[in-house]
Amino acid sequence: MKQTLWTRNFTLVTVASALGAIGGITGGFALSFLVFDETGSTLASALILAIQLVPYFALPLIIAPWMDRMPRKPFLVGGDVLNGVLYALAGLYLLFFKFSYVGYLGFSLLLSSLGAFDELAYNSIYPKLIPEGMEQKGYTVSSMLYPVLKVLMMPVAAVLFEHLGVAWLLMIQAGLSVLAALVESRIRIVEEKRMDGERFSLRLWWSDIKEAARYLKQERGLRNIYGYMAITNGVGNGYGPLLVAFFRTTPGFSAAMYSLFSVAEFLGRSIGGAVQYRMKLAPRKKFGFTFGVYQFYEAMDMSLLWLPYPLMLVNRACAGFFGINSATMRQAAVQRYIPEHLRARVNAFEEMCIMASCSVMSLVIGALGEVLDYRLCVTLAAAFSLVCCWLTIWRSRKAIRPIYEYEPQEQ
């Protein structure tokens, strides 16, 4: 029988991810403009982003050892249910009360705390839902899903934002989160507790933390991949408030034009994803390809806001085409390389690095946006990422290359 990627479990997790993404795109679009409209400050918008990321830095260290020993499916289902309840409450609040910046800070902190559980569980369980030998195709689908839905939903979100308002968009997001939980509950996977005859305790937790630390201490390649991913994701996250402010305040630009960025990136990612899904690059060429893409991507960001609008769209399409290919190769290679019993803890380390960087970069770039031209801020930040790429990925190429070339031993 011919092997297929689209097994029951993979299909269910993809559908659930799609439902969650649709809700997140719709609600996130509305909230990003709501905060800037209410405050008129890129720094205030950046502070929201920074607050949202704090739990993603702190909580993975606490929960990852437990998650490596416990079933991960309940975290997925329970996380989406609770997210749905919180978004519904937020929508009801905005229907009857005025926006409160301080209140929204607290809401963001609570919501992101729950999201940290869900994301870590998803990243840890997802490799087990992909049929063996289909990892690259599976991560191609995962990488394409969000941009495909973003291009479909961003124009819709812009229209709904103008006609329904933020409150009803949050109610829609709540319903989609609960629906995603129902779909995830139908996933069939055998997960056993791995307690080795012990009860979970602080001593056992600390032992698991040290085991993961010893592993990462020996893996220079992983550490440098995570370092660059933290920096480039942090800088990219910091762009968000600046792009919103640029399109909101620059004559001739609008929120609708901003939403079309997603269309351009979608076209690039769709073509790139199709190429990645059908073609397989030789392992010895993967490192060189991904490093080249990182250089190209940072150069595209540096020039983005200085271009005429049609070329901005071309810029995003090119970045999308190459970005999905390098991201898929990296995700598949790294998750295949990490031992299964360490996956949640090592993924937690990566997540903590990224979220710490995103928090800091959001504040730094947001503050720069208060005193410098938005275009200059984006260019300087992207140039910083480019330098860091050479100091991490290229400098440690001898340790990183084997990760991309690694093939698991057959049992």
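These notebook entries record what I looked up in the structure, which is a predicted model.

**Entry 1: overall fold.** I began with the secondary structure of the protein chain and found 14 helices and zero strands. I then turned to the dimensions. The radius of gyration is 21 Å, close to the 22 Å that the globule rule gives for 411 residues, so the chain is as compact as a globular protein of that length. Along the principal axes, I recorded a C-alpha trace spanning about 60 × 45 × 45 Å.

**Entry 2: packing and surface.** I looked up burial next: 53% of the 411 residues count as buried. For contacts with a separation of 6 or more, I noted that 89% are between residues 24 or more positions apart. The accessible surface comes to about 18900 Å², and carbon and sulfur atoms hold 66% of that area.

**Entry 3: charges.** I compared the mean positions of the 37 positive and 28 negative charges and found them 5 Å apart.

**Entry 4: V141.** I located V141 in helix α5, which covers residues 135-163. Is V141 buried or exposed? Its relative accessible area is 13%, and because buried means under 20%, V141 counts as buried. Setting aside neighbours within four places in sequence, I listed the contacts of V141 as L5, W6, F10, T14 and Y277. I also checked V141 against E184: the two are 43 residues apart in sequence, and their C-alpha atoms are 17 Å apart in space.

Terms used:
Residues are numbered from 1 along each chain as its sequence is written. This is a predicted model: local features need pLDDT of at least 70, side-chain atom pairs count only at pLDDT 80 or more; totals for chains, interfaces and linings use all residues. Side-chain values use heavy atoms; hydrogens and water are left out. Helices (H or I, at least four residues) and strands (E, at least two) are DSSP runs, numbered from the N terminus. Buried means under 20% relative accessible area, exposed over 50%, partly exposed in between (1.4 Å probe, protein chains only). Contact means heavy atoms within 4.5 Å. The radius of gyration is taken over C-alpha atoms; the globule rule is 2.2 Å times the number of residues to the power 0.38. Accessible areas come from the Shrake-Rupley method with a 1.4 Å probe; for residues, only the protein chains shown count as cover. Lys and Arg count as positive and Asp and Glu as negative; His and the chain ends are not counted. The place of a charge is taken as NZ of Lys, CZ of Arg, CG of Asp or CD of Glu.
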